[in-house]
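Subject: A structure to look through

Dear colleague,

I am passing on the structure below, and I would be glad if you kept it open while you read the notes that follow it.

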Amino acid sequence: MKKWLALFLAVAMMATLLVGCNNTAGNASGEDNSWEEVESSGKLVLGMDTAFPPMGYRDEQTGELVGFDLDVATEVCARLGLELVKQPINWKNQVNEINNDNVDCLWNGMSKTEGREQTLNLSIPYMKNNQIILVKIDAPYQNLTDLAGKNLGVQAGSSAEEALNASTEFKNSLGDIINLDDYSKAILEMKNGTIDAIAIDEVVARYYLTKEPDTYRILTKEDGSVESLAVEDYVIGFKIGDNALKTKIEDTLKDMAKDGKLAEISTKWFGEDVTTVGEE
């Protein structure tokens with residue numbers, strides 16, 4: 001009886017494994033309907049962080065979600081006959097949001113990193129960015145070495161956090177590393193003296209410099225160039241396997257680069273064309 005039971009369990013286990021393998025193979029070789037599904041819905045749901053100016057953020061005066069990325073996405077959707085749905089998410093849970101089909105893409109100043117290449121389907125780059133250190137304008141720190149033993153804030157789940165983790169020597173020299181939900185909170189903590197500096201995307205830092213030029217500054221080297229923890233590309237994140245949707249949006253961005261619309265939107269936000277579509 002025990003032998004028959006053992007045989008039955010073994011056969012059942014093999015059947016389960018075969019079904020699992022067949023399902024996996026089917027998903028891997030199955031038809032990609034990502035564009036058709038978005039097209040039929042008439043909407044593109046864009047996952048974003050609401051506190052990442054100037055790429056995507058909530059305007060303090062109007063309460064509206066605005067930003068460079070949102071303007072670009074709005075134009076892309078107009079050309080594709082879609083309605084743009086701006087969906088705020090917890091940026092720390094970005095991969096889960098897209099894998100659970102809560103959003104169609106992640107588009108909000110998202111840097112291309114090794115970790116994201118493993119978990120997301122990343123678009124062509126559309127802008128370059130540095131991960132830098134922001135301090136108060138009257139702070140005594142002039143370089144990374146000066147921050148030894150000091151407290152540094154960084155957005156949890158951000159590419160700035162990844163860049164910091166990769167900069168082992170600098171990270172180990174610091175005092176406390178404070179993980180914060182978003183950069184607006186990090187700015188407030190630095191104003192209050194809770195932290196001494198912030199690891200942050202350069203485009204975001206320059207937004208705060210524009211708003212309050214006499215309040216902050218970026219750490220620089222002796223030659224005047226920024227102290228960069230990493231040089232990165234901004235990309236759009238899609239679900240792994242959603243190649244049709246990714247290609248459709250990439251082709252539209254390329255068309256916008258050719259006809260000057262992308263440069264027009266960039267000049268509105270940055271005073272010049274800082275996009276890189278077509279340079280790859």
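Y208 lies in helix α9 (residues 202–211), where helices (H or I, at least four residues) and strands (E, at least two) are DSSP runs, numbered from the N terminus. Please keep in mind that this is a predicted model, in which local features need pLDDT of at least 70 and side-chain atom pairs count only at pLDDT 80 or more, while totals for chains, interfaces and linings use all residues. Residues are numbered from 1 along each chain as its sequence is written, and side-chain values use heavy atoms, with hydrogens and water left out.

Is Y208 buried or exposed? With a relative accessibility of 9%, Y208 counts as buried, a word that stands for under 20% relative accessible area, whereas exposed stands for over 50% and partly exposed for what is in between (1.4 Å probe, protein chains only). If neighbours within four places in sequence are set aside, Y208 is in contact (heavy atoms within 4.5 Å) with P53, Y183, S184, I187, I200 and Y216.

For the protein as a whole, the secondary structure comes to eleven helices and 13 strands, and buried residues make up 45% of the 280 residues. Of the contacts between residues at least 6 apart in sequence, 74% join residues at least 24 apart.

In soluble globular proteins, nonpolar side chains tend to be buried together. The term nonpolar core is used here for a set of buried Ala, Val, Leu, Ile, Met, Phe, Trp, Tyr and Cys residues joined through side-chain atoms within 4.5 Å. The largest such core has 70 residues, and W107, I133 and I249 are those with the most contacts inside it. Helix α3 (residues 68–80) gives the largest share of this core, with seven residues. I249 touches L44, V76, L80, W107, I236 and F238, not counting residues up to four places away in sequence. There is also a second, separate core of ten residues, which includes V45, W91, M110 and L122.

Next come the helix pairs. Two packed helices are described by the angle between their axes and the distance between the axes. Here the axes are lines fitted to C-alpha atoms, for helices over the stretch in contact, and angles run from 0 to 180 degrees between N-to-C directions. α3 and helix α11 (residues 261–270) pack at an angle of about 155 degrees, with their axes 9 Å apart. That makes α3 roughly antiparallel to α11, given that angles under 35 degrees count as roughly parallel, over 145 as roughly antiparallel, 65 to 115 as roughly perpendicular and the rest as oblique. The contact is made by F68, D71, V72, E75 and R79 of α3 together with K261, L262, I265, S266, K268, W269 and F270 of α11.

Helix α2 (residues 34–41) and helix α10 (residues 243–259) pack at about 70 degrees, with their axes 5 Å apart, and that makes α2 roughly perpendicular to α10. In this pair, S34, W35 and V38 of α2 meet N243, A244, L245 and K248 of α10. The axes of α10 and α11 come within 4 Å and cross at roughly 80 degrees, so α10 is roughly perpendicular to α11. There, L253, M256, A257 and D259 of α10 meet K261, L262 and I265 of α11.

Most residues other than glycine have a negative phi, and most peptide bonds are trans. A cis peptide bond, with omega about 0 degrees, joins P53 and P54, and P54 is in the loop between β2 (51–52) and β3 (56–58). D101, in the loop between α4 (94–99) and β6 (105–111), has a phi near 60 degrees, which is a positive value in a residue other than glycine. D101 is exposed, with a relative accessible area of 55%. T145, which is found in the loop between β8 (127–136) and β9 (152–155), is exposed at 64%.

With best wishes
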